[in-house]
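Please look at the sequence and the structure before reading on.

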Amino acid sequence: MTEQELLQVPEELRKLFVLLEAQGWKPQLYDTPVPYYDSKVPCGDPADLLGSIPDGYLLLPHGASGINARFGISVKGDSMVGAGIEDGDELDVVATPVAEDGDIVVAVVEGETTVKMFFTDNFGRHWLVPRNAKYQPLLLEKYRDAYVAGRVVKVHKNAQRGRFRELNALVK
């Protein structure tokens, strides 16, 4: 945090940030709202999302949104497990039609939204590639209406709770 930002934070939080920074952490104040869609965008077959009203807002660090608009989505399915994205994870997405090879993107295919990895082959064709062998890549040129809507910049994992029996066995 900058000195100016620290001066605007309540005293207890400022002390915590100073303590964390002294221990090598880089705390950030999440105070910038971005739209969040809890419509479970599939990491599998595409589903409808874009154009809908956000279900709420995520708070990101001030200035993290940059020039392009950002939005958050939750995902369902298992087609991106090889990229570390699992059912229930939440993604921070920069709204942009531009992607580079290897980017994880939110794409729209015939009005349905999906999360995949972007790839351009040796022939200049654009693909949406799942990271699970159970699913087939999608050739964008094969569809009349297919485009990249955003690039994933961060994956938020859902914390899993331990079960009583498992934890009880561990402490014995």
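Where is the place of Glu110? Glu110 sits in the loop between β5 and β6. The model is predicted, so local features need pLDDT of at least 70 and side-chain atom pairs count only at pLDDT 80 or more, while totals for chains, interfaces and linings use all residues. Residues are numbered from 1 along each chain as its sequence is written, and side-chain values use heavy atoms, with hydrogens and water left out.

**A loop residue with positive phi**

The phi angle of Glu110 is near 50°, a positive value in a residue other than glycine. Most residues other than glycine have a negative phi. Glu110 is partly exposed, with a relative accessible area of 35%. Here buried means under 20% relative accessible area, exposed means over 50%, and partly exposed is in between, with a 1.4 Å probe and protein chains only. The names of the elements come from DSSP runs, numbered from the N terminus: helices are H or I runs of at least four residues, and strands are E runs of at least two.

**Salt bridges**

Side chains of opposite charge can pair when their charged atoms come close. A salt bridge is a side-chain nitrogen of Lys or Arg within 4 Å of a carboxyl oxygen of Asp or Glu. The structure holds 4 salt bridges, and the table gives some of them.

| Asp78 | Lys134 | 2.7 Å |

The side chains of Asp78 and Lys134 meet in a salt bridge. This pair links distant parts of the chain: Asp78 is in the loop between β3 (70-76) and β4 (90-95), Lys134 is in the loop between β7 (126-129) and β8 (138-139), and they are 56 residues apart. Asp78 is partly exposed at 23% relative accessible area, whereas Lys134 is exposed at 59%.

Asp89 counts as buried at 2% relative accessibility, and Lys157 as partly exposed at 44%.

Asn132 lies in the loop between β7 and β8. Is Asn132 buried or exposed? Asn132 is buried, with a relative accessible area of 16%. Leaving aside neighbours within four places in sequence, Asn132 is in contact (heavy atoms within 4.5 Å) with Asp78, Ser79 and Val81. Asn132 and Ser79 are 53 residues apart in sequence, yet 4.9 Å apart in space from C-alpha to C-alpha. A polar atom of the Asn132 side chain lies 2.9 Å from the backbone oxygen of Asp78.

**The nonpolar cores**

In soluble globular proteins, nonpolar side chains tend to be buried together. A nonpolar core is a set of buried Ala, Val, Leu, Ile, Met, Phe, Trp, Tyr and Cys residues joined through side-chain atoms within 4.5 Å. The largest core has 12 residues, among them Phe71, Ile73, Val93, Val106 and Val152. Two or more residues come from each of β3, β4, β5 (104-109) and β6, and β3 gives the most, with 3 residues. Beyond its neighbours within four places in sequence, Val93 is in contact with residues including Phe71, Ile73, Val106 and Val152. A second, separate core of 9 residues includes Ala107, Phe118, Leu128 and Leu140.

Leu167, Leu170 and Val171 make a nonpolar surface patch of about 340 Å². Patches are made of residues with over 30% relative accessible area and no salt bridge; like charges are joined within 9 Å, and nonpolar side chains (Val, Leu, Ile, Met, Phe, Trp, Tyr) within 5 Å. Accessible areas come from the Shrake-Rupley method with a 1.4 Å probe, and for residues only the protein chains shown count as cover. Leu170 is found in helix α3 (residues 164-171) and is exposed, with a relative accessible area of 68%.

Key:
Polar contact = N/O pair within 3.5 Å; in protein donor to acceptor, adjacent residues only side chain to side chain.
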